[in-house]
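Here are my comments on the model you sent. Please go through them with the structure open.

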Amino acid sequence: MSHAADGPVRDVQIARRNFFNGKLIPPGTVPELVARSWERAAHSGLRPEDRALSSNFVTHGQLQRIEDEHRVLIEAAGEDMAILARAFPAQHWLVFCTNAAGMIVSASSRPAAAPAAAAAIRGGKQVCEAALGTNAPGCVLREGGVSVEIRRGEHYLNELVDVVCAAAPIYDCNDRLIGVLDVTGFGVDLPAYALSRVQAAAMSIENRLYARLPARRIVRLHHDHRMLHTPAEGIIAISDDDVIIAANRAARQMLGLRAGSVGAGTDLREVFAGGLHGGTGTGLASLSARSGERFFVSLEQHPRRTHSAAATTVGGGCLIADAALARAFDKAVTVIGAQVPVMLLGETGTGKSLLARALHDATRPGTPFVSLDCSSIPESLAEAELFGYADGAFTGSRKGGSIGKIEQANHGTLFLDEIGDMPLPLQTRLLSVLQERSLTRVGGSKPVPVDISVICATHRNLDELVRQGSFRQDLFYRLNGMSVRMPALRERTDLPELIDAMMQSLARGRPKRLEADAMAVLMAHRWPGNIRELHQVLRAAMALSGDSELVQREHFDEGWLAVAATGAPAPGVLPARPDTHSTMMADMQSELIHRTLAALSGNRSQAARALGISRATLYRKLARSKSS
Ligand SMILES: Nc1ncnc2c1ncn2[C@@H]1O[C@H](COP(=O)(O)OP(=O)(O)OP(=O)(O)O)[C@@H](O)[C@H]1O
């Protein structure tokens with residue numbers, strides 16, 4: 001269907017005129033998908049003359065958060081977006097990738113031929129139908145994940161009638177739609193090859209997500225060996241015990257596996273009679289499926305997680321070589337995969353947030369990871385922040401309403417940090433979302449289905465909060481499908497491995513090693529600030545060691561050394577179950593600050609540096625401890 005020809009262009013103009021004058025669209029003038037999308041756009045209150053392109057700017061901070069939340073998708077898409085960008089000249093074309101809610105998470109820069117307003121088409125911009133009317137990525141999301149081309153006047157908004165776009169869905173390893181890849185051209189025609197190029201790139205992105213699964217082996221297969229390592233290849237991920245834990249669409253078709261086979265536990269021998277024998281070792285081999293078909297396979301062997309001496313990175317720089325913690329991590333991955341929430345318990349700085357992120361990357365790679373610190377949002381804003389609000393929900397609310405954290409996390413993971421601080425009315429609403437698997441925005445009436453993994457964390461004693469009546473018992477049981485107690489750093493068996501791995505990561509390729517004396521200081525310390533404190537101490541020491549390969553005791557911050565020498569207060573010596581955990585934490589912090597100040601003759605700047613907090617925070621905490 002070429003729109004360069006006069007006929008179709010005229011047809012679209014007639015269809016537009018009729019539609020916007022309230023008349024019937026003459027049959028065959030625009031694809032049915034376009035007509036449906038126009039109807040939806042009109043229904044949502046958009047007018048063709050609206051200027052929606054340049055609205056909706058995000059701040060630098062918001063952009064960073066968006067990028068952080070979609071790190072896996074952005075990383076997986078990066079190379080294919082760059083290849084795609086080379087096929088579409090930058091003068092006229094823009095390449096971008098959205099999340100499942102239609103928000104751009106990564107984009108090339110504005111083409112010179114695009115209007116100035118198009119500068120807003122970048123990270124954070126909403127391109128869903130409700131925001132921008134008919135457009136290719138918006139239609140992909142509303143039409144159930146089909147690939148879509150939209151040309152010029154088929155767009156709903158007048159400001160897009162000089163634009164063409166082609167978009168394809170991106171599915172994760174669990175067969176969930178997690179985003180859309182798009183090319184958009186300004187003042188050009190859509191080449192016939194555009195959609196197939198975008199589809200191939202989207203498939204290639206999907207295939208890259210498999211490399212991130214915690215699988216032991218990845219098998220790539222095809223009837224034609226030349227198709228291996230192309231977007232058309234089949235990919236299956238296999239666990240240690242020869243169970244298929246994920247298979248892409250191509251592999252499912254070739255092997256006749258049912259959709260969404262993740263976790264379904266298909267045994268490899270149900271597919272390949274002799275398992276992978278004949279395909280062992282890394283490299284190319286040929287295997288017969290039970291059906292009798294022969295496939296070329298290429299096998300990737302991933303290192304086995306040893307749970308022993310060597311530190312293992314379980315994702316996002318989260319290092320675990322403590323056997324008990326590594327076992328708990330593996331269990332939590334299984335539990336989350338079965339849609340059961342996991343609770344992370346532990347002192348501040350033990351790595352709860354980092355572990356939550358690693359669990360997300362291991363279970364729903366490529367989907368949004370949305371975190372909410374329940375202790376830091378004012379109660380009055382918390383409801384809208386979590387559940388979103390409907391159009392006109394309250395005076396001054398944004399037109400079209402706003403999407404809350406839970407909806408942002410749809411198809412991905414919601415991480416509720418400091419869950420013990422969640423206000424009671426919110427607990428009731430959260431419980432209903434978890435039970436119903438749907439939510440209703442504040443001031444809204446229509447329930448929205450949600451599919452999320454939930455991970456919570458707290459340093460507080462939730463049993464105690466339940467007894468006091470400030471935490472709902474039913475919610476406690478709902479959220480506490482499995483709890484992982486994060487050991488304090490002084491209890492971890494992998495301190496030397498953590499130090500080693502952290503040094504390597506901080507050294508960024510420079511040769512660096514710790515002098516034995518310096519290591520002895522680190523091993524003897526009680527680490528009240530846990531891994532966060534260790535990270536700060538090593539970072540400062542590495543900086544102070546300059547070009548020297550050896551990091552010595554004298555490179556540690558003086559203030560910190562003085563505190564370490566006095567024997568920093570260890571929470572273990574305080575009552576294990578104090579009346580309120582937050583009072584204990586406050587007391588502990590206050591004691592640590594006073595000791596640090598005493599060791600540094602009252603020098604507040606040095607004390608703040610030694611404690612790894614800002615001077616403003618130090619002053620605030622001092623004022624608070626004085627008033628109590
Ligand atoms: N296993 C780990 N490997 C490497 N670095 C880690 C690990 N765990 C935590 N860290 C680092 O320690 C710091 C604190 O971690 P994190 O914020 O996850 O702790 P937390 O328990 O969530 O703290 P809080 O309760 O105060 O929110 C971060 O800088 C993080 O990168």
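1. First, a term: a residue counts as near a molecule if its C-beta atom, placed from the backbone, lies within 6 Å of it. Note also that this is a predicted model.

2. The ligand shell. The ligand is surrounded by 17 residues. The closest are T348, G351, K352, S353 and L354. By class, the shell has nine polar, five nonpolar and three charged residues.

3. Where the shell comes from. Three elements each give at least two residues: β13 (319–320), α11 (352–363) and α19 (530–544). Domain 3 (312–485) and domain 4 (491–553) both contribute to the shell, so the ligand lies between them.

4. The sheet. Five strands form an open sheet in the order β15-β16-β19-β14-β20, paired in parallel. β15 (369–373) and β20 (482–485) are the edges; each has a single partner strand, so one side of each lacks a neighbour in the sheet. From one strand to the next, the twist averages 20°.

5. β14 (residues 342–345) and β20 pair in the parallel sense over four bridges. L344 stands opposite V484 in β20. α11, which also supplies shell residues, lies across β14, β15, β16 (413–417) and β19 (453–458). α11 runs at about 165° to β19.

6. Is V219 buried or exposed? V219 sits in strand β6 (residues 217–222). With 27 other C-beta atoms within 10 Å, V219 is buried; the cut-off is 20 or more. Beyond its neighbours within four places in sequence, V219 contacts I236, I238, V297 and L299. A251 is 32 residues from V219 in sequence, and 9.7 Å away in space, C-alpha to C-alpha.

Technical notes: Residues numbered from 1 in each chain as written. Predicted model: local features only at pLDDT ≥ 70, side-chain atom pairs only at ≥ 80, totals over all residues. Nonpolar A, V, L, I, M, F, W, Y, C, P; charged D, E, K, R; others polar. Domains from an automatic or database assignment. Buried ≥ 20, exposed ≤ 12 C-beta atoms within 10 Å, placed from the backbone. Contact = placed C-beta atoms within 7 Å. Pairing = 2+ DSSP bridges. Axes fitted to C-alpha atoms, helices over the stretch in contact; angles between N-to-C directions.
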